[in-house]
Structures are given as structure tokens and as C-alpha cells.
Amino acid sequence: MAAFLLRRLGQVIPTLLILSVLVFALQQLMPGDPALILAGEERGDPEVLAQIRSELLLDRPLVEQYLHWLWRVLHGDFGFSWRIRLPVAELILSKLPVTFQLASMSFVIGVALGVPLGVLSAVWKDRPSDWVINGVALFGISMPNFWLGIMMILLFSVQLGWLPPSGYVPLWEDPVQSLATTIMPAFVLGTGVASILMRHTRAAMLSALSQDYVRTARAKGVAERRVVFRHALRNALIPVVTLGTVEFGKLLAGAVLTEQIFTIPGFGKLVVDAVFNRDYPVVQGVVLATALIFVTLSLIADLLYMAINPRMRQA
Amino acid sequence: MSTALAEAGESPGRRALRRFMRHRLAMFGLIVVTIFVMAAVLAPWIASHDPLETSWSRLRQAPSWTHPFGTDENGRDVLSRVLFGARASLMAGVVAVLGAALIGVPVGLVAGLAKGWVDAVISRISDAMLSIPFLILAIALAAFLGPALENAMLAIAISISPVFVRLARGMALEATGTDWVEAARALGNPPWRIAVLHVLPNILPPLLVQGTLAIAEAIIAEASLSFLGLGQQPPAPSWGSMLNSAQRFIEAAPWLAIFPGLAIFVVVLAFNLLGDGLRDALDPRESR
């Protein structure tokens, strides 16, 4: 276990270093001179421009700029927003709980729909119910989630008037209102997760059901329900659990457009506003933060895989 | 017995084609994709109106015989805009995926055949790119490159490319262990020749499947970027930007939001069906 962890960390550290170079390189793609954008009204004044350049180290060689940037990032300093005049790290941390609530709700919906449907469709392979479930999953994968969001607002807010079309109330202020404002976006994101989990659960169940131990259990006369749940499902869930962890990370990306549509002031809305305002340090910080979250989640996925798969324990 | 004999004498390509033609959902996907491609190519001739022509006398009209999808907030014909919008979406999807494959496949082949530190460096770079969620990477790249359809396509191509690197690398590694590549190497073939003549043909089937499914993803990504104002610039029509402006009129003119989104959904579904069908038809383990 310790050896595995060390080997895994040996892979993660170079990946993170390369990631830092990529994220730093993003700002080199920027059209125009950042000093000109920052100077605003005073862009005609060469002294102001020179001052901004030396403050941001724009007058230094790229390697030096990168090392400075990396040093600050390692100390939790993700830079300073150009528009909101706040540290980027602070902005991201203040938005994360909102997105975390949304992502958790979506994840619960995704697992609650995806895993049971995957099991059923594997058990009913090639029967009409299997086709229907597969069809629904294919719809879920092909549906652009921002359009599904707009259609749900049209149906549940405009036509039926059941749910508020936008806005957000924190969970600790008014739990009922908070759920009412987040249930639609959570469902939109959850259907995507459900479709992917369903397909993978189905494939894992089909391969588990064709194993020798399942045949042995059936030959012994074990009830089919017990074969499915105790023998096949427990083994099929191993890859699904790790996949689920990675899918949780992807929800952060999915939240970008969904939060925009439902005007939920989370992480995704922060990115979109930053893109609109050309607030480049925030865009850069968000890319770095999501990647860090993603790398951490895949490490957790590997550890979970070890924990629930007894065959991996000796390794 | 006779069918088994007939199948034994059949070339793999012919067998795949026969299986594909029998795959109803895949054929349906192919027909829908063809219809969309025709619509995009023939848009100037089949559209009833100029997609940019505004008219103050027909603002936000509900669907009717003259305007089957209604008119938008500037009095433009929505059906004509959806038809012309197919150009941006399909072009973005196909160009971005071709670009991603052109970057990713050679790099992946080099990694898989060279092994050693070259492989380690390339693999860590693609790991690093894959650790940024696809859409966030595409949005960030497009934001830094500046809003334009070409930049959106470039951003999507770069964001998808690591998938192709991984695929090509994996297949190259798998192929180097096989007898035929061993034989080719023993005969003194240089590595590039092995890559092009012996590894590439074997990658083509999975590449075709991955490419088709990636087009579906790229079309959604382009629509998302256009929705955020980072893709096709107005007034030029694109499904994503049409949905963005439709949001403001969701109560008064819901048809503005329904049709462009339906177009994205149907074309993405068709590419997914086509990709799934190709996978079933090209899988040598499947025995139908």
C-alpha cells in the first residue's frame, strides 16, 4: 500500500509541474499587452505602464516570471482579480461551497438513477426494458445540459410556475428555498452523470454475470436475486466507485453553463463572469483549482479502489 | 454451416460493412448526419430567407407557414438561421476533431514506439491536460485566444487531443508486442515505416469510433462556447449563440430556445448512434 502510494505520488508530482507550466503558458496566449488593459483610462501614460509592468514582473524574462508565479501558487497565492480587486484564491474559496452543494445533489441524483438502471438493464439484457433504459441513457449523453436547463425553466417555471427559474439561497439560511432553487440545476447535471454511470454499471454487471463464480453460485442453487446483488453487484461496483469519483470532478466543469443559466453564484458563474470581463487571473486560477481538485479526486479514486478491492491489498 | 463458411472467407472490412449496414440505429444516425450535412451545404439554396435579414414588422412571431420556426427578436427567420447555423456547428465539430487527431495520433505513436523518457514526458503532458476538465480547458483557451469561431475550434482541438494521444500510444504499445511488428522490425524496417505501415492501419478502426464520438462532444463544446459568446460572433448564426439570446425571451418567445437546442440534440444523438454502431461493427470479438 505504501509502495503503491509512493509510486502514484511519483507520477502525480511531474504531472502537477507540467500542469503549472501549461496554466502559466495560458497567459502568453492573451491578445495584447496586459499592462494596457490594466491601465484603463491611463493607458497613454508611459510611466503608469512601466510601473504596472514592473509590479507584475512583465519586464522580466519568462522563466523568472514563471518561477515567481509558481512560488506564489505554492504559497496559496493564485494572483489578484483585475475586476473585483480581491485575491483569486479567496474568490474561488468563497464560491466553492455553492458549487459543492450543487455537485453533491447532482451526484446523489446521478448515482440513485444510474446504478440501479444499469443493474436492471444488465439483468434484462436484450429485452425491451434494456432497450428503453439504454435509449434514455443515450438521450442523456446527447442532451446539451444547458439546453435541458432552459427547457426545464420553460416547463417548470414559465408554464407550470412550480419552481423559481433562477437565484440561489444558501442551505443554512432557508433549507427549503435552497433546495427549490437548486433542484432543477442539480437534476440537469445529475442526468448526465446518471447516463454515464448507467452505461458503465451495465457493462461491469454483464462482465461480472459471465464469470465462473456466478455460474458456480447459480449451479449451487443460490437464488437469482442473491446472485445478482451479493455476487455480481459487489464486484461490478468496484470500477463504478472509482469512475464515480472522477465524475464528481467533472461536475465542476458541467456546473459552468448550468450555473450561468440558473444564475447560481458558484464556481461556474465565477468563470463565466471572468471570461466576459476579460479577468484573466481569475480564469487562470479557476483552471488551476479545478485541475488540483481533479488530481486529488483521482488519487482518492485509486485509494478507494485499493480499499474495496481485496485483490489489490497485497500489491 | 454455410453462413459460417461464407463468413470465414469474408474480408474484415467487408464483414464490418455488412454488420454496420444491418445495425439499424447506426444507419439511422448516418441518415440524420447526412441530412444535417446536406442542410449545411445547401443552406443558401434551401433556406427561405436570408439568415441576417432583419425586419421590424415581424419581431418575435410565433411559428407559422411562412416562418415554420418563427422569427427572432430582430425579425430574422429562425429556420433559415438554424440551417445556416448547421455550418458553424458541423464545421467546428469536424475540423476540431480532425485537428485533434492530427496532433494527437502522431504524438501518441511516437510515445508508444519510442518508449523510455520520450514516452514518460508525453504521457505526463497528456495526463496534465486530462486533469483539467475538458470544457473548462476549452473555455480558458478560447477566452485567452479571443472570441472567434476559429479560436473556438482551435481551443476544442487542443482540449480533445490528449484523448487521441492516449489511444494511439496504447495501440502502438500493444502492436509492438505482436509477432508481425517483431517480424517487420527483424527485417530491418525503420521505426517510422513500422508506425505508418504496421501500426496505423490497426489503429484506424478504434480511431474512427473515437473520432465519431469526439465529433459529438466537439459540437456540444462549440455550442457551449458560442453560448458564452466565445465562438461564432453575432450576427452570424450559430446554435449556441441563438440559445443565448433566446434566454431573454423565454416567456414571450419560447420557440427561439426550442429549435436551435433541438438541432444540437438531434445531430449529437446521431453522431453518438453512428459511433456506437461503428464500435459494434468494427469489434472483432463481436461475432454477429
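Colleague: How many residues of chain B are in contact with chain A?
Modeller: 37 residues of chain B are in contact with 37 residues of chain A. Contact here means that the C-beta atoms, placed from the backbone, lie within 7 Å. This is a predicted model, where local features need pLDDT of at least 70, side-chain atom pairs count only at pLDDT 80 or more, and totals for chains, interfaces and linings use all residues. Residues are numbered from 1 along each chain as its sequence is written, while chains are lettered from A and ligands numbered from 1 in the order in which they are written.

Colleague: Which helices of chain B supply at least two residues of the side that touches chain A?
Modeller: Helices H5 (116-130), H6 (134-145), H9 (191-227) and H11 each do. Helices (H or I, at least four residues) and strands (E, at least two) are DSSP runs, numbered from the N terminus. H6(B) gives the largest share, with 9 residues.

Colleague: What classes do the residues on that side of chain B divide into?
Modeller: 28 are nonpolar, 6 polar and 3 charged. Ala, Val, Leu, Ile, Met, Phe, Trp, Tyr, Cys and Pro count as nonpolar, Asp, Glu, Lys and Arg as charged, and the others, Gly among them, as polar.

Colleague: New topic. How many helices and strands does chain B have?
Modeller: Chain B has 11 helices and 0 strands. Its C-alpha atoms fill a box of roughly 75 × 55 × 30 Å, taken along the principal axes.

Colleague: How many of the contacts in chain B come from residues 24 or more positions apart?
Modeller: Such pairs make up 70% of the contacts with a separation of 6 or more.

Colleague: At what angle do H10 and H11 of chain B pack?
Modeller: About 155°, with the axes 9 Å apart. That makes H10(B) roughly antiparallel to H11(B). Axes are lines fitted to C-alpha atoms, for helices over the stretch in contact, and angles run from 0 to 180 degrees between N-to-C directions. Under 35 degrees counts as roughly parallel, over 145 as roughly antiparallel, 65 to 115 as roughly perpendicular and the rest as oblique.

Colleague: Which residues meet there, between H10(B) and H11(B)?
Modeller: From H10(B), they are B:Trp239, B:Met242, B:Leu243 and B:Ala246. From H11(B), they are B:Leu256, B:Ala257, B:Pro260, B:Gly261, B:Ala263 and B:Ile264. By class, that contact has 9 nonpolar residues, 1 polar and no charged.

Colleague: And what angle do H5(B) and H7(B) make?
Modeller: H5(B) and H7(B), which covers residues 149-176, pack at about 140°, again with axes 9 Å apart. That makes H5(B) oblique to H7(B). B:Ile122, B:Ser126, B:Met129 and B:Leu130 in H5(B) meet B:Pro162, B:Val165 and B:Arg166 in H7(B). This contact holds 5 nonpolar, 1 polar and 1 charged residues.

Colleague: Back to H10(B). How many of its residues are buried?
Modeller: 7 of its 8 residues are, so the helix is mostly covered. Buried means that 20 or more other C-beta atoms lie within 10 Å of a residue's own; exposed means 12 or fewer, and partly exposed is in between, with C-beta atoms placed from the backbone.

Colleague: What do the buried residues of H10(B) pack against?
Modeller: They pack against H7 (145-159) of chain A, together with H4 (78-114), H9 and H11 of chain B. B:Gly240 and B:Asn244 are among those buried residues. For chain B as a whole, 51% of its 288 residues count as buried.

Colleague: Is B:Pro51 buried or exposed?
Modeller: B:Pro51 is buried, with 21 other C-beta atoms within 10 Å. B:Pro51 sits in the loop between H3 (24-46) and H4 of chain B. Leaving aside neighbours within four places in sequence, B:Pro51 is in contact with B:Arg76, B:Ser80, B:Arg81, B:Phe84 and B:Pro237.

Colleague: Where is B:Pro235?
Modeller: B:Pro235 is in the loop between H9 and H10 of chain B. The peptide bond to B:Pro235 from B:Pro234 is cis, with omega near 5°.

Colleague: Last one. What is phi for A:Arg85?
Modeller: A:Arg85 has a positive phi of about 55°, although this residue is not a glycine. A:Arg85 lies in the loop between H4 (62-74) and H5 (88-123) of chain A. A:Arg85 is exposed, with 7 other C-beta atoms within 10 Å. A:Asp126 also has a positive phi, near 65°.

Key. Two residues are in contact if their C-beta atoms, placed from the backbone, lie within 7 Å.
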